Amino acid sequence: MDIVFILWYLVSSLSNVMALWASTKCFEVKIPKKQYYLIVYSMWTFPLMLLSGLGEPWSEFRPIASVLIPLILAPFFLKGRRLMIIIFFVINQLIDFIVDILLCFLVLAIDPGFMNVMDLEEYSVNRIISTLIFLLMAIPLKYLYYKLWNRIVNKEKYEKINGIYLMFPIGQCIVMLGMVYRNTMSASWFGLPAISITLFGMVLLAVVDCIFLFYLTDIEKNRQLKQEIERMEYAYGVEQEHYRLIESKRYEIAKIRHDIKNQLVSIKQLVKTHNYEEADMVINGIEKTLDETVEYNYCSIPIINAVLQQKKQQIEQNTIAFEADVTISETGMIEPVHLCSIFSNLLDNAIHANQKLPDVERYIKLFAQNKQGHIVISTENPTAESGKKTTDPSQSRGYGLKILKDISEKYSGQFNISLDNNICRVGISVCICPDE
């Protein structure tokens, strides 16, 4: 086996990869997809490679083996009716056969002499090129095939066909055919200048590239919307937890009110019998129980209280000393979901830094106030990092810090992080009435 044959076979086996990819779109895989690709690809392609490398008469069995191997292997790895899996791969092989015929007809239609140049029967560089063209012609058909299979067989009503994925390989195919033909035969094909056909393919690819650019932009917008939804879901979850906490406190208070009359009778009786110490113990027990039902109010903003109440539990679980000075009285145009994100991400960052330190060194200081039309919030906590520096939040790997920077920019504010002698200080300001 020479290097040209190995390269040709690697290129030709990509059609098998396309078939496996399509099968994962139409059937559920019993094992991890990576294992599925590796096992079936190896057991499918290596025997075919061996048959081709042995030459005649063994190479004549390659088409039969190419059909039978996936029919035998696939049902062991894919979930679904065995008959449907077999039909799927039979049609896949039929598509490959049709593409092969179409390629031959296309080459003959361009110029009968072009068939000799493409060298479709011998293992050569030209055959590698012809196999690449075969693959480019097969890609859109395999894409359409799995889409139609899902729509017709799997009854998936929302399976839509995206024309972009069809245009891209078609454009590449036109360019490759045009360039090969122009460089090997003559300057025209189908009665048209070959360079014109090649340029048409290049223009088509350029158009598709532009469409892909817009498509990627939409993906980025969707990612931002997903982040916003996640923030809203988190804020909603915090508010729901806060509500459940309040309800549980009310239930506890209702029980205490129910029992307090009996306890008061006991206290009166103890006083009458001059058992003042026992009466005092009962009173202290009532006060302690009442204290446990009190929810600490950090400020007058419900969503801020809810976040701080939730984070305080996490802080206590990590044995972190917590000091909060929150004097926010108005939030203006700032959305509650963004207030929730600010406080939760600031405290999450501080908790994470403290977790790397011994218990005795852990603490978090939180300060928040209204100041000159802004809400100014800062945290201070120890960190394992040493030195003195100011960090650009946009360069940070932390997802939460990037969210904080985005929110500060949205509300015409500022965000900064500084490190000094193992003390990390993070500050953010947001304008209550940002410019529209």
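How many disulfides does a search of the whole structure find? The search finds zero, a disulfide being a pair of cysteine sulfur atoms within 2.5 Å. Cys 340 is buried, because its relative accessible area is 1%, and Cys 424 is buried as well, with 12%. Here buried means under 20% relative accessible area, exposed means over 50%, and partly exposed lies in between (1.4 Å probe, protein chains only).

This is a predicted model, in which local features need pLDDT of at least 70 and side-chain atom pairs count only at pLDDT 80 or more, while totals for chains, interfaces and linings use all residues. Residues are numbered from 1 along each chain as its sequence is written, and side-chain values use heavy atoms, with hydrogens and water left out.

The protein has 13 helices and ten strands; helices (H or I, at least four residues) and strands (E, at least two) are DSSP runs, numbered from the N terminus. Of its 436 residues, 39% are buried. Among contacts (heavy atoms within 4.5 Å) with a separation of 6 or more, 68% join residues 24 or more positions apart.

The largest nonpolar core has 38 residues, and Ile 304, Val 326, Phe 343 and Ile 377 touch the most other members. Such a core is a set of buried Ala, Val, Leu, Ile, Met, Phe, Trp, Tyr and Cys residues joined through side-chain atoms within 4.5 Å. Elements giving two or more residues to this core include α11 (302–317), α12 (336–354), β6 (363–371) and β7 (374–382). Helix α12 gives the most, with eight residues. Leaving aside neighbours within four places in sequence, Ile 377 is in contact with residues including Ile 342, Phe 343, Leu 346, Leu 366 and Val 426. A second, separate core of 35 residues includes Cys 26, Ala 65, Ile 85 and Leu 103.

Helices α3 (33–54) and α4 (62–77) each supply at least two of the patch residues, and the largest share, four residues, comes from α4. Leu 68 is found in helix α4 and counts as partly exposed because its relative accessibility is 43%.

Gln 263 has its place in helix α9 (residues 194–272). Gln 263 is also partly exposed, since its relative accessibility is 29%. The C-alpha atoms of Gln 263 and Ala 279, 16 residues apart along the chain, are separated by 9.6 Å.
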